[in-house]
Amino acid sequence: MRKLLLLLLTQVLAAGAQPAYEFWPGAQYDPTTPAIRNVLGYEPGERITTPENIVRYMEALAKYAPDRVRIFDYAKSWEGRRLIYMVIGAPDHIKQLDSLRQKYLEFADPSETTEAEAKHIIQSLPALIWLAYGVHGDEISSSDAAMLTAYHLLAAKNDRMVDAIFAKDLVIIDPLQNPDGRARFVQDFEIAKGLAPDSDPFAAEHNEPWPGGRTNHYYIDMNRDWFALSQPETKGRVKSLLEWLPQVYVDLHEMGANSTYYFSPESNPYNPNMTPDQKEELFWFGKNNAKWFDRFGFNYFTREEYDAFYPGYGAGWPVLYGAIGMTYEEASARGLVMRRYDNSLLFYRDTIRHHFTTSLSTLQAAAEHHDELMMNFYRYRSSAIEEGRTEPVRAYLLKRTNDTDMADELARTLLEQGIAVQRFRAAEQVEGQSVPTGSYLVSLIQPEKRLIRTLLDKETSMPQDFLKGEDDRRLRKQNSEIYDVTAWSLPLQFNVESAALKTMPKSGIEPVTIDTLPKGQFTDRSDAIDYLVPWNTAGARFLSAALQHGIRVLSSDRAFTQAGHQYPRGSLIIAVHENQPGLVDMLGTLAKNTGAEVVATQTSWIDRGPNFGSHWVRAIRRPRVAMAWDIPTSASSAGALRFVLERKFNYPVTIIRTQQLVSADLTRYQVLILPDGGDYASILKTGGAERIKAWVRGGGTLIAICNAMKFAADPKIGLLALTREELPTAKRNFEKKATKRPKDADADEEKEPEDARAPGTLLSSAEDYQRSIQPSDALPDSSQGVLLKVLVDQGNWVTDGVPQSAYALVQGNLIFSPMKQDDGVNAAYFAAPDQVLASGYLWDEYRKQIAFKPFIAVQPEGGGFTIGFTADPAFRTYMDGLELFLMNAVFRGPAHASAPQDE
């Protein structure tokens, strides 16, 4: 009996035994190399690795193979997590790594290196390949693939492919671009998982709670942040790229579980500043990936869905200094196993293997095309200089007018991207234009010429045949093939006056560095009775700091001239006698820290405008600001608003979960912000809505962003007397009403179903047919994202310090009719139909309908105000030219309300 039981047990074990999972079939590994299971305690794909363990494993490899590996820290996340990259190469390359880095920079500078010299250099210079993983924290497989890639490169024995890679490539692995987002995802997953991995796509472990792990600490999508450089993770990454200038940059992502695998070439449209050589090179890598996917039996697709147009992608920005930038997308298990729509199972280990395969394939393709890849990179940069010398536009002028802080910040943004910037030492006349002192000049005679054109041109064009196809898809109610926004011109976003110059000024200019950008100015006088601060973006930073330091600040709602100096609306007044001792030293420190201009005056006499005792001058006290958090808010909108207030203007915000607003004591706050989002009414219910309305009547300032305006404009709420518009040509159901039977119809007659018939129509053209199939009561088609010109009412405090016009990035189809004068003020509104479109793809119907419609509406209600923004002033944190509107709403709304305020 005992022998029989042993035999049965042996058979069961044999039947259940599975061969070891091979990520690279046939690979042999050096057992002394630290494997993932030996360092972390599990095989790849058995667990989702935490950010801390990713760094831990990479450091174990570096300790094991210091002759082939070096690790660099390049940033810290907001939550204090390390961001590292690992350089892997042949021992000879790692030994001379510092000198290699200098050679890469020399090779990339055609002004220092001739083409003949470049051809010689590449004989001993390996191609530099940067593999970047996990910019979206909930796209989990790529970071585990990064560890596996590093292990394979260091542990594989007798591997001709790895030997060829080390002979021709130097590899940089950035294993985790977004540690905070990944930590959030892993925590949510570990909380939700049960006894065993659940493949059900509706299982909680596959569905993240708000806000999800995609974004970083401030819920910023860092795959849109590359030219904005708003986040420390992005700043550090771009700085590191500029220290190396790799020839290939790959950004590895995930997509929906029911897809397969995507790799380059990209779909249309391409950024017009990509060269034919770059587009051709995409096929080198795509075909090599296809070779390996065919060998292993993996499905894939190319040239669909993911375009190469927007420069804020991880795969988009490097293209514009000359690299080959590529996005790889893997179907996501969003956990350890997912059942797909066809009933197949997608295992986490398989998703890791797919990314691991393309990682090695990319390195192989770069090695095989080494010489051509390197020379194409060099020629991209040398041809950029030549185009800058010969094309009609030779330079860009960025005028330092109006809000001068915006021109300075734009110059800083360009400098941080490796672009050379100069400035005018004195006022000049250039090509018939008056150029103020300190204005900036960006020459196109530099290797970054195509990046400059992409960032500073008002319009980045798309092919006409593609746009024609978009028009056709829109009319047929099909999905757009535009993946992201179609406009991003930095001068428009910063609201800086710019001009394209046909000639390059030769004199009166000097180079600019980040260290030599303008600093704050403090003018002191021993007999000063007041200090004045012009109102602009730097002034808003100053106000934030001054209020938090307990300084009493006044502000004029009207412009004034004092001692020959003109001060715009909103300028600040600080009376010495109304403040504590030590004021002067504090003002000097705040001017330095905020970049503001602080001017001492020994008289209160005003040459023109209201005196400081006028009713136009109000005290601005420190408001407490609350913001709705969690559903139904858009995480990206809430995060960007919080970031702008906390990190750009250093002002604290209390975030309150939306459902708690139903019971929260709102009298503690003077400002409440409702970010863009979904159905606020469904969360706040009647009781919460009434509490908010009573709070506004009592003196609160409610700021509603985009779709939150629908809540405020609901007639049941009545905080914004605005009506959302449908299409001008939408049917109004008149025909349906005409078919209803009269009330006195013969009751005994058999009734036909209501609306069963409609009056006959004659369709005489294709246009008639298209009109006939449009939905009744239709909303306008949604915009993918365009920059529209906004005209500013100079008589309202919410526009203080803003010039006559600005530019808003508009997405979606939210259009409201103008507010009536007896209800409130359209403080800023979109320009006329022939002027409103500043940049991007927009069709005529939308352009005509949005003209003269409100961008900002301000409505008094009792003692308080509701301020509505139909486009987000903090969109992606990079609409710098709109931020003064937001700060006016935050600081000046309470100043004009009748609510009691904290001192």
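This section describes the salt bridges and a charged surface patch of the structure. The model is a predicted one, and a search of the whole structure identifies 54 salt bridges.

One of these salt bridges pairs R47 with E190, with their closest N and O atoms 4.0 Å apart. Since R47 is located in the loop between α2 (36–40) and α3 (51–64) while E190 belongs to helix α9 (residues 179–192), the pair ties together parts that lie 143 residues apart in sequence. R47 is partly exposed, at 43% relative accessibility, and E190 is likewise partly exposed, with a relative accessible area of 27%.

A salt bridge also joins the side chains of E510 and R423, at 3.0 Å from N to O. E510 is part of strand β18 (residues 509–512) and R423 is part of strand β13 (residues 421–424), so this pair ties together parts 87 residues apart in sequence. Here E510 is partly exposed, its relative accessible area being 25%, whereas R423 counts as buried at 14% relative accessibility.

In a further salt bridge, the side chains of R473 and E481 meet at 3.6 Å, N to O. R473 is buried, with a relative accessible area of 13%, while E481, at 42% relative accessibility, counts as partly exposed.

On the surface, D277, E280, D371 and E372 gather in a patch of negative charge. Helices α11 (276–296) and α13 (370–390) each contribute at least two residues to this negative patch.

Methods
Residues numbered from 1 in each chain as written. Predicted model: local features only at pLDDT ≥ 70, side-chain atom pairs only at ≥ 80, totals over all residues. Heavy atoms only, no water. Patch = residues over 30% accessible without salt bridge, like charges linked within 9 Å, V, L, I, M, F, W, Y side chains within 5 Å. Areas by Shrake-Rupley, 256 points an atom, 1.4 Å probe, with all protein chains shown as cover. Lys, Arg positive; Asp, Glu negative; His and termini not counted. Charge placed at Lys NZ, Arg CZ, Asp CG, Glu CD. Helix = DSSP H or I, 4+ residues; strand = E, 2+ residues; numbered from the N terminus. Buried < 20%, exposed > 50% of the residue type's maximum accessible area, 1.4 Å probe, protein only.
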